[in-house]
Amino acid sequence: MTQNSSESAVGDSAVFSADLETSRGMTAQGNGLFLKKFLQKGRGISAATPSSRFLSEAVCAAVDFSKPSTIVEVGAGTGAITEVILEHLRPHHRFVMLEFDPDFCDILRQRFPNIDLIQGDVGEIEGPLASMGIGKVDYVLSGLPTPNLPPKSLAKMMRWLRRSLAPDGVFSQITVIPLYYKSFYKQLFANVEYEMVWLNAPPGGVYYCRSPRRRVRRANRRR
Ligand SMILES: C[S@@+](CC[C@H](N)C(=O)[O-])C[C@H]1O[C@@H](n2cnc3c(N)ncnc32)[C@H](O)[C@@H]1O
């Protein structure tokens, strides 16, 4: 687990804008690598292309950007959702991204050199966040293949969410298999809403999940 920490990533809109400028135009390179990783890792990536603009906006719709908050993006990939988050960030936000794959992390560092990046498994996120002074989190925006995570990583992520997600916090999760995993997410969270997003390849959607359950029966990965 490694982390890049940047003091300026705490609420500096000039920095966010600079990173947005850097990132634009780098997506084609990211798209080629994304497909290659999908062919290599399959369910560990779970999508052949990065999220569309529409899916990225839908996952970000969970966030009330008008208020101060701490936002963590998990499974950032090549930065499709990150770019939309940056467009909305204001000085009152704290934003950190996490990604597991080293090659994707290299792209994220090139695209967003001023944004805090944790390189590692989502199951191990709590320690690096604590070392950045982050305890409570208001929003977790997830591009993770959550139903396909190793059971240990999923259990540890859920323990982190129970401890750290604010009472009115949201875990906003993309999917490219519309509605298929709704009951899976209902086993993990007391409150789950779903929104369809047609304009994605393939069509997908977002689960807006609130109130991580205290006790989770062994989560059935299928509906
Ligand atoms: C479907 S891709 C989403 C990428 C990007 N957020 C998007 O929407 O285009 C899933 C991402 O989750 C990452 N990932 C998979 N397992 C992970 C884990 N255990 N911890 C952290 N990231 C993981 C993959 O490397 C990949 O970048």
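Two residues are in contact if their C-beta atoms, placed from the backbone, lie within 7 Å.

**Figure 1. Overview of the predicted chain.** The model is predicted. By the contact criterion above, residues 24 or more positions apart supply 73% of the chain's contacts with a separation of 6 or more. The chain holds eight helices and eight strands. Of its 223 residues, 43% count as buried.

**Figure 2. Strand S5 and its two parallel neighbours.** S5 spans residues 137–142, and six of its six residues are buried. Strand S2 (residues 69–74) pairs with S5 in the parallel sense, over four bridges. Within that pairing, Val-74 has Ser-142 of S5 as its bridge partner. S5 is also joined to S6 by five bridges, again in parallel. There, Val-137 is bridged to Leu-165 of S6.

Figure 3. S6 (residues 165–175) and S8 (residues 204–212) run antiparallel and are joined by five bridges. Strand S7 (residues 189–197) pairs with S8 over eight bridges, also in the antiparallel sense. S7 and S8 form a hairpin, with six residues between them.

Figure 4. The bond joins Ala-201 and Pro-202 and is cis, with omega about -5 degrees. Pro-202 is found in the loop between S7 and S8.

**Figure 5. The shell around the ligand.** The shell counts 24 residues; Ser-51, Gly-75, Gly-77, Phe-100 and Gly-143 come nearest to the ligand. Helix H4 (80–88) and strand S3 (93–99) are the elements that give two or more residues to this shell. By class, the shell has 14 nonpolar, seven polar and three charged residues.

**Figure 6. The buried face of helix H5.** H5 covers residues 102–111, and its buried residues include Phe-104, Cys-105 and Ile-107. Leu-108 and Arg-111 are buried as well. Seen down the axis of H5, the buried residues fall within an arc of 160 degrees, so they line one face of the helix.

Figure 7. Tyr-185 lies in helix H8 (residues 182–188). With 21 other C-beta atoms within 10 Å, Tyr-185 is buried, because the cut-off for a buried residue is 20 or more. Leaving aside neighbours within four places in sequence, Tyr-185 is in contact with Gln-173, Val-192, Tyr-207 and Cys-209. The C-alpha atoms of Tyr-185 and Thr-146 are separated by 9.3 Å, and the two residues are 39 residues apart along the chain.

Figure 8. Leu-179 is a residue other than glycine, yet its phi is near 65 degrees, a positive value. Leu-179 is found in the loop between S6 and H8. Leu-179 has 12 other C-beta atoms within 10 Å and is therefore exposed, as the limit for that class is 12 or fewer. Ser-211, also not a glycine, has a positive phi near 55 degrees. Ser-211 lies in strand S8. With 18 other C-beta atoms within 10 Å, Ser-211 is partly exposed.

Notes. Residues are numbered from 1 along each chain as its sequence is written. This is a predicted model: local features need pLDDT of at least 70, side-chain atom pairs count only at pLDDT 80 or more; totals for chains, interfaces and linings use all residues. Two strands pair if DSSP finds at least two bridges between them. A residue is near a molecule or strand if its C-beta atom, placed from the backbone, lies within 6 Å of it. Ala, Val, Leu, Ile, Met, Phe, Trp, Tyr, Cys and Pro count as nonpolar, Asp, Glu, Lys and Arg as charged, and the others, Gly among them, as polar. The arc is that of the directions from the helix axis to the C-beta atoms.
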